[in-house]
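Hi,

Here is the structure I said I would pass on. Have a look at it first, and then read on for what turned up.

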Amino acid sequence: MGYEALFLFVPILTQALKVQTGVSRKDDLEQTISGVIEALGYVFWGLEFHAQGNRSLLRIFIDKEGDAGVTVDDCAEASRQVSAVLDVEDIIAGRYTLEVSSPGWDRPLFNLTHYQANVGEIIELRLRTPHAGRRKFKGLLKAVEGDEIVLESDNEEHVFPFDYIDKANVVPQF
């Protein structure tokens, strides 16, 4: 097998391995980016990746320990470092827009730890498939039990498996 054939074969093999192991582009991104963010001294909160044809959007959320809060300079520093690493690693094919920001008051909830830390808060969530005829719910986050979220909405208690949740955010209370 010549070198040209090998170079054509490697991307196909890599994609096949990702399918077999269940590793996705988002998993690759999270693993790579979280390391960069944490090396800079920030907390990697999460990311959103939206593939939009040949122009994608990568939105990264960073936080800081304590009450200091994330500044514009923090976001700029993280953006420069992440951009440099992504250029070398070449995880995202084609052009993309990179955004780095704080999770903000209406912070998105990406993992079970985020839900557990926000028990007692009002949240909004959107499900991947309808439950009781709806996909959107707003209510009090009552508990996290294993890999399920317990939400009180409209005087009813709903239990949602974490994997069924498409997106969730804390609703700021002022």
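Predicted model: local features only at pLDDT ≥ 70, side-chain atom pairs only at ≥ 80, totals over all residues.

The largest pocket has a volume of about 480 Å³. It is lined by 19 residues, and the closest to its centre are Lys 26, Phe 110, Arg 128, Asp 166 and Lys 167. If you colour by secondary structure, you'll find that α2 (25-39), β1 (43-50), β4 and β8 each give two or more residues to that lining.

Two of those strands, β4 and β8, also belong to an open sheet of five strands, in the order β7-β6-β5-β4-β8 and with antiparallel pairing. At the edges stand β7 (156-161) and β8 (165-170); each has a single partner strand, so one side of each is left without a neighbour in the sheet. On average, neighbouring strands here are turned by 40° against each other, direction ignored.

For β8, the pairing with β4 (residues 122-131) is antiparallel and built from five bridges. If you want one to click on, Leu 125 has Ala 168 in β8 as its bridge partner.

The other spot I'd look at is Asp 63, in strand β2 (residues 55-63). Is Asp 63 buried or exposed? Its relative accessible area is 14%, and the cut-off for buried is under 20%, so Asp 63 counts as buried. The side chain of Asp 63 makes a polar contact of 3.0 Å with that of Arg 107. Leaving out residues up to four places away in sequence, Asp 63 also touches Tyr 42, Val 43, Trp 45, Val 70 and Pro 103, besides Arg 107.

Cheers

Notes. Residues numbered from 1 in each chain as written. Heavy atoms only, no water. Helix = DSSP H or I, 4+ residues; strand = E, 2+ residues; numbered from the N terminus. Buried < 20%, exposed > 50% of the residue type's maximum accessible area, 1.4 Å probe, protein only. Polar contact = N/O pair within 3.5 Å; in protein donor to acceptor, adjacent residues only side chain to side chain. Contact = heavy atoms within 4.5 Å. Pairing = 2+ DSSP bridges. Axes fitted to C-alpha atoms, helices over the stretch in contact; angles between N-to-C directions. 1 Å grid on protein atoms, 1.4 Å probe; cavity = no way out; pocket = protein on both sides within 12 Å on 5 of 7 lines; lining within 4 Å. Points joined across faces, edges and corners; volume = space filled by probe spheres on them.
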